[in-house]
Amino acid sequence: MTNHPSGKQASYHSGFVAIVGRPNVGKSTLVNRIIGQKIAIMSDKPQTTRNKIHGVYTTERAQIVFLDTPGIHKPSSKLGEHMIRSAESALSEVDAILLLVDVSEGLGGGDRYIINMLKQSEAPVVLVLNKIDKVHPEELLPIIAQYKGLHDFDQIIPVSALEGNNVQTLLDELTAYLPEGPQYYPDDQITDHPEQFVCAELIREKILHLTREEIPHSIAVEIESMSKGANDVVQIGAVIYVERDSQKGIVIGKRGALLKEVGRMARTDIEHLLGSRIFLELWVKVKKDWRNHDRVLKDLGFRDE
């Protein structure tokens with residue numbers, strides 16, 4: 001048997017898998033569970049993933065590159081339109097598609113819309129029934145029958161992304177859909193996004209966690225500087241953008257308390273990501289109605305694929 005260029009055998013399989021679904025069904029949680037490290041932000045607020053997050057899962061037999069897409073929803077801004085185009089474009093460039101649904105919620109119009117969209121795809125579609133830890137096992141059979149009536153899925157796999165139940169089975173089954181191919185990324189690489197992108201997302205996650213309902217989708221984070229200083233401490237300067245002056249006060253908090261807490265929480269995750277101590281400086285600036293300005297969206301990295 002001939003050797004694979006990476007040192008693996010010739011029967012090595014690799015490919016790209018898109019994870020699609022309604023907002024807040026657990027797509028980012030599943031990616032983080034598979035990768036074993038946080039690269040996609042998690043929030044109980046829907047529509048928090050804005051770009052296609054590429055997570056890389058590597059074994060001795062295969063490499064799967066996951067595209068965690070934004071939740072498919074009716075857009076209300078140019079940013080929302082970008083998110084939908086990003087999710088839809090992912091479907092045309094993958095070897096398989098995972099449709100993630102939340103079994104603790106009923107089948108809704110959003111699920112039907114996505115299923116109809118997937119009928120146009122030539123890639124195999126695996127239905128992943130997530131959050132099985134929230135329902136009784138006997139409830140799964142009628143749920144499966146309901147989805148089977150809508151589409152001839154290539155496979156149906158129940159999992160709990162949060163608890164890890166059946167996730168390994170999902171990965172094993174997915175490998176069968178991948179073509180023989182090269183290892184695209186080194187063994188230890190878990191994402192193709194630059195570190196600055198992931199750091200910005202981790203900061204945004206903390207703001208989502210700590211602020212009120214009016215804030216989440218008005219927030220953007222940009223890493224302005226990132227360099228290694230004395231004693232190998234990584235110095236990071238980040239700007240948090242909001243749309244209104246009133247939101248700036250909320251993010252800063254009384255006597256700067258909320259912003260300090262954002263920094264404290266983000267520092268922990270970023271140090272884990274980078275494997276070194278960091279010094280994090282945060283500023284809050286107002287960019288009026290930034291979600292509807294093409295130039296601002298481009299500057300912040302929201303580019304159509």
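Modeller: Helix H6 covers residues 195-210, which makes 16 residues. From its first C-alpha to its last, H6 reaches 23 Å. That is close to the 22 Å expected at 1.5 Å a residue. Keep in mind that this is a predicted model.

Is H6 enclosed or open? Look at burial. Of the 16 residues of H6, 12 are buried, so the helix is largely enclosed by the rest of the structure. Buried here means under 20% relative accessible area. The buried residues of H6 run from Phe-197, Val-198, Cys-199 and Ala-200 through Glu-201, Leu-202, Ile-203 and Arg-204 to Glu-205, Lys-206, Ile-207 and Leu-208. An α-helix has 3.6 residues a turn, so residues three or four places apart point the same way.

Now the charged pairs. Side chains of opposite charge can pair when their charged atoms come close. The structure holds eight salt bridges. Take Arg-22, which forms one with Glu-105. Their closest N and O atoms are 3.5 Å apart. This pair links distant parts of the chain, 83 residues apart. Arg-22 sits in the loop between strand E1 (13-20) and helix H1 (27-35). Glu-105 sits in the loop between strand E4 (96-102) and helix H3 (109-118). How accessible is each partner? Arg-22 is buried, with a relative accessible area of 15%. Glu-105 has 44% relative accessibility, so it counts as partly exposed.

Arg-22 also meets Asp-111 in a salt bridge, at 3.0 Å from N to O. Again the pair links distant parts of the chain: Asp-111 lies in helix H3, and the two residues are 89 apart. Both Arg-22 and Asp-111 are buried.

Another salt bridge joins the side chains of Asp-245 and Lys-288, at 3.5 Å from N to O. Asp-245 lies in helix H7 (residues 245-252), and Lys-288 lies in the loop between strand E9 (278-286) and helix H9 (294-299), so the pair ties together parts that are 43 residues apart in sequence. Asp-245 counts as exposed because its relative accessibility is 52%. Lys-288 counts as exposed too, at 53%.

Next, a pair of strands. Strand E5 (residues 125-130) and strand E6 (residues 155-158) run parallel, and four bridges join them. Which residue of E6 is the bridge partner of Leu-127? The partner is Ile-156. Helix H4 (residues 140-148) belongs here as well: E5, H4 and E6 make a right-handed β-α-β unit.

The loop between E5 and H4 holds Lys-131. Its phi is near 70°, a positive value in a residue other than glycine. Lys-131 is buried, because its relative accessible area is 17% and the cut-off is under 20%.

Arg-255 also has a positive phi, about 55°, although it is not a glycine. Find Arg-255 in the loop between H7 and helix H8 (257-274). Is Arg-255 buried or exposed? At 79% relative accessibility, Arg-255 counts as exposed.

Conventions:
Residues numbered from 1 in each chain as written. Predicted model: local features only at pLDDT ≥ 70, side-chain atom pairs only at ≥ 80, totals over all residues. Heavy atoms only, no water. Pairing = 2+ DSSP bridges. Right-handed = clockwise from strand over helix to strand, strands pointing away. Salt bridge = Lys/Arg side-chain N within 4 Å of Asp/Glu carboxyl O. Buried < 20%, exposed > 50% of the residue type's maximum accessible area, 1.4 Å probe, protein only. Expected span 1.5 Å × (residues − 1).
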